[in-house]
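Hi,

Here is the structure I promised to pass on.

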Amino acid sequence: MNQDKVNKLRNQVKDVRIGGKGTARRKRKSVHKTDKGDGKKLQTALKRLAVNSIQGIEEVNMIRNDGTVLHFVNPKVQASPGANTFSISGLAENKNISEIPGIFNQFGMDATSSLQKLVQDMTEAQGKAFTPSDTIDEEDDEVPDLVENFDDPSKDEA
């Protein structure tokens, strides 16, 4: 036999041998399957927390610190208020905050600093200078004084 062929066969045997010298060779390479039981494990853990499914939620937006949004369309939402646990599952997309129409309506009053930062980033991207006094006018928060007495016309009718 040719020495090159012998060396080539020995190298092949080394790659597929399971045990030591004298053990049978493996016929084919075993394919490891991923464990799809994670979803089942999660559902059993959620059952222990007594979660209830919440119907009628069309979208969920999770806003990150870097200005991107984790956007779910028609997600499956489960909640356990007693355990302070919420589960949101479904197809998620990473989007920029400016790509989602009407997202500013979902912000509360505590998000003003985040909105200021967003406006600052957007104006700096356009090359303009940003000053917070341009966006928020603190004088508008005050209640105006009454100019006249509104009770007088009602007394004339009686």
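Predicted model: local features only at pLDDT ≥ 70, side-chain atom pairs only at ≥ 80, totals over all residues.

With which side chain does the side chain of His-71 make a polar contact? The partner is the side chain of Asn-61, at 2.4 Å. By polar contact I mean a pair of N or O atoms within 3.5 Å; within protein, one must be able to donate a hydrogen and the other to accept it, and residues adjacent in sequence count only if both atoms are side-chain atoms.

Before the rest, some ground rules. Residues are numbered from 1 along each chain as its sequence is written, and side-chain values use heavy atoms, with hydrogens and water left out.

Overall, the protein has 5 helices and 6 strands (DSSP runs numbered from the N terminus: H or I of at least four residues for helices, E of at least two for strands). Along the sequence the pattern reads α-α-β-β-β-β-β-β-α-α-α. Of its 158 residues, 15% count as buried (under 20% relative accessible area; exposed is over 50%, partly exposed in between, with a 1.4 Å probe and protein chains only).

Back to His-71, which sits in strand 3, residues 68–73. His-71 counts as buried because its relative accessibility is 6%. Skipping neighbours within four places in sequence, His-71 is in contact (heavy atoms within 4.5 Å) with Glu-59, Val-60, Asn-61, Leu-91, Ala-92, Glu-93, Lys-95 and Ile-100.

Strand 3 pairs with strand 2 (residues 59–63) in the antiparallel sense, over 5 bridges; pairing here takes at least two DSSP bridges between the strands.

Is Leu-91 buried or exposed? Leu-91 is exposed, given its relative accessible area of 69%. Leu-91 lies 20 residues from His-71 in sequence, and their C-alpha atoms are 8.5 Å apart. Again leaving out neighbours within four places, Leu-91 is in contact with His-71, Phe-72 and Val-73.

Cheers
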